[in-house]
Amino acid sequence: MASIRRNIAIDLGTASVLVYNRHKGVVLEEPSVIAIDIISKKILAVGKEAKKLLGRTPGNIVAIRPMRDGVIADFKATEEMLKYFINKSVEKALLKPDVLVCIPSKATQVEKRAVLQAAENAGSHRTYLIEEPLAAAIGAGVDISDAGGNMVVDIGGGTTDVAVVSMGQIVVSESIEVAGDTFDKEIIDFIRERYGLLIGERSAENIKIAANSLEIGDSLEIKGRDIEEGLPIKKYMPMEELKEALLPVIDEICDVVIKVLEETPPELAADLYDRGIILTGGASLTRFLRERLNEKIQVDVFIAENPVQCVVKGTGKALTWIDSLDEERNESIREKQLQLEQKERLRRR
């Protein structure tokens, strides 16, 4: 049955949801946003269409992010969002798909159960979990079965997961609620205080993305509403000021990486010096981040190829584990059945 059932991998992120089909690769990449009419409770839009409504909706419509800091914040909205994405990815199928979902390395048992329950209610046959750093390492092309150590820093929308991987296991890990959304918030606060200008989350994200194509001496165009006059206005912010805004948050990530390095066994730490540190996740592309890590840690830092899709591709490659897990489960069921039959025979004697 496992061979004909469609298996999919889901990167259920704070900023976006990516879905991987074993036979087609990445089939979906959309924002983790859902728009709901608060009067009728009807879902109006999910994903890209819902994101367009962020900060632009009338009073009776609310566009929300059901995921916060890498975990479920709004269970019902997450369930509906997952249902939409699973149906869109699998299309018409007679059998419900088995689903492998990645979660932050420090997710609690309650948070894990919430993901399992939401996926089951959304239409999965069976749901399995994998830790994000492990999936990111696989997606970045790391041989996780190697005895040597590899460090992965996965910087998503809500959390940053730092882990040292060896022999197919996470040896040391740490997770903090500082990531892409935090960068956006810092940009919003800095522009408000420095320029007296109000901008939204989408504008802050666009500024962060635009900075990647500019030189340090260039300026960024910022548009928003003047706090005092309440009128739309446009100003220009030097790249140096963007660096000033982002460095305090970047340094928090650096501190976590240093903490994990301090807890890493010496032999594996020596491997990291030779192999460097791999950055994955969409926020790993944030300007000044890689350079600052390199400067503070004095170890080579690399951004993985296509860092946005690293986690979901790694989760997709791990889909082969589902078959072995099912085999182990079926073997366990058979053994228990044999034990029960033997007990019944003994009882009848």
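Student: Is Gln298 buried or exposed?
Tutor: Gln298 is exposed, because its relative accessible area is 57%; exposed means over 50%, buried under 20% and partly exposed in between, with a 1.4 Å probe and protein chains only. This is a predicted model, in which local features need pLDDT of at least 70 and side-chain atom pairs count only at pLDDT 80 or more, while totals for chains, interfaces and linings use all residues. Residues are numbered from 1 along each chain as its sequence is written, and side-chain values use heavy atoms, with hydrogens and water left out.

Student: Where is Gln298, and what is its phi?
Tutor: Gln298 sits in the loop between helix H9 (289–297) and strand E18 (301–303). Helices (H or I, at least four residues) and strands (E, at least two) are DSSP runs, numbered from the N terminus. The phi of Gln298 is positive, about 60 degrees, although the residue is not a glycine.

Student: Changing topic: which strands form the open sheet?
Tutor: The open sheet has three strands in the order E5-E4-E6, with antiparallel pairing; two strands pair if DSSP finds at least two bridges between them. Strand E5 (43–46) and strand E6 (61–64) are at the edges with a single partner strand each, so one side of each has no neighbour in the sheet.

Student: How many bridges join E4 to E5?
Tutor: Three bridges join strand E4 (residues 34–37) to E5. Ile36 has Ile43 in E5 as its bridge partner.

Student: How many disulfides are there?
Tutor: A search of the whole structure finds zero disulfides, a disulfide being a pair of cysteine sulfur atoms within 2.5 Å.

Student: Are Cys102 and Cys254 buried or exposed?
Tutor: Cys102 is buried at 2% relative accessible area, and Cys254 is buried at 0%.
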